[in-house]
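Student: Could we go through this model together, starting from the overall layout and then picking out some residues?

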Amino acid sequence: MKIFRFFLKNVSGAVFIISTVLINICFAAPAVEIENNKDIYEIGLNLSILEDPGQLLTIEDVLSAANSKKFSPSKNVVPNLGYTSSAFWMK
């Protein structure tokens, strides 16, 4: 029984990691290059944003294929999401 739990826990972790990597590869924005002596990076154009109006989504929901398609690329260097009670997920 312990072996089964160990296998199940490790397999689900591996599936999570592989899914996250594949999603990031498929929907990857341009890379942000880290430079020496630079303190501020404007990454707005490298983000994709998902609005969660009800603040109900979990990390599993956000990583699902259905919700992954709902992310919209940011069109601003500095995204301004305004005043809202929504939660926002970014990748």
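Student: Before that, what kind of model is it, and which cut-offs apply?

Tutor: It is a predicted model, in which local features need pLDDT of at least 70 and side-chain atom pairs count only at pLDDT 80 or more, while totals for chains, interfaces and linings use all residues. Residues are numbered from 1 along each chain as its sequence is written, and side-chain values use heavy atoms, with hydrogens and water left out.

Student: Okay, what does the secondary structure of the chain come to?

Tutor: The chain has three helices and three strands, and from the N terminus on its elements run α-β-α-α-β-β. Helices (H or I, at least four residues) and strands (E, at least two) are DSSP runs, numbered from the N terminus.

Student: And how many of the residues are buried, as a share of the chain?

Tutor: Buried residues make up 15% of the 91 residues, where buried means under 20% relative accessible area, exposed means over 50%, and partly exposed lies in between, with a 1.4 Å probe and protein chains only. The accessible surface of the chain comes to about 7,500 Å², of which 63% belongs to carbon and sulfur atoms; such areas come from the Shrake-Rupley method with a 1.4 Å probe, and for residues only the protein chains shown count as cover.

Student: Now the sheet: what is the strand order?

Tutor: The order is β2-β1-β3 in an open sheet of three strands, with antiparallel pairing. The edges are taken by β2 (72-73) and β3 (87-90), each of which has a single partner strand, so one side of each is left without a neighbour in the sheet. Two strands count as paired if DSSP finds at least two bridges between them.

Student: How many bridges are there between β1 and β2, and how many between β1 and β3?

Tutor: The antiparallel pairing of β1 with β2 runs over two bridges, and that of β1 with β3 runs over four bridges.

Student: Why is β1 largely enclosed?

Tutor: Four of the five residues of β1 are buried, so this strand is largely enclosed by the rest of the structure. Leaving aside its neighbours within four places in sequence, S48 is in contact (heavy atoms within 4.5 Å) with F71, S72, P73, S74, W89, M90 and K91.

Student: What about F88, over in β3?

Tutor: F88 is found in strand β3 and is partly exposed, with a relative accessible area of 26%. F88 and I49 are 39 residues apart in sequence, yet 6.6 Å apart in space, C-alpha to C-alpha. With neighbours within four places in sequence left aside, the contacts of F88 are I49, L50, E51 and L81.

Student: Changing topic, which residue does S68 join through its side chain?

Tutor: The side chains of S68 and K91 are joined by a polar contact of 3.3 Å, meaning a pair of N or O atoms within 3.5 Å, where within protein one must be able to donate a hydrogen and the other to accept it, and residues adjacent in sequence count only if both atoms are side-chain atoms. S68 is placed in helix α3 (residues 65-68) and counts as buried at 4% relative accessibility.

Student: Last one: what is the phi of N37 and of Q55?

Tutor: N37 has a positive phi of about 65° although it is not a glycine, and Q55, also a residue other than glycine, has a positive phi near 55°. Most residues other than glycine have a negative phi. N37 is found in the loop between α1 (2-26) and β1 (48-52) and counts as exposed at 82% relative accessibility, while Q55 is placed in the loop between β1 and α2 (59-63).
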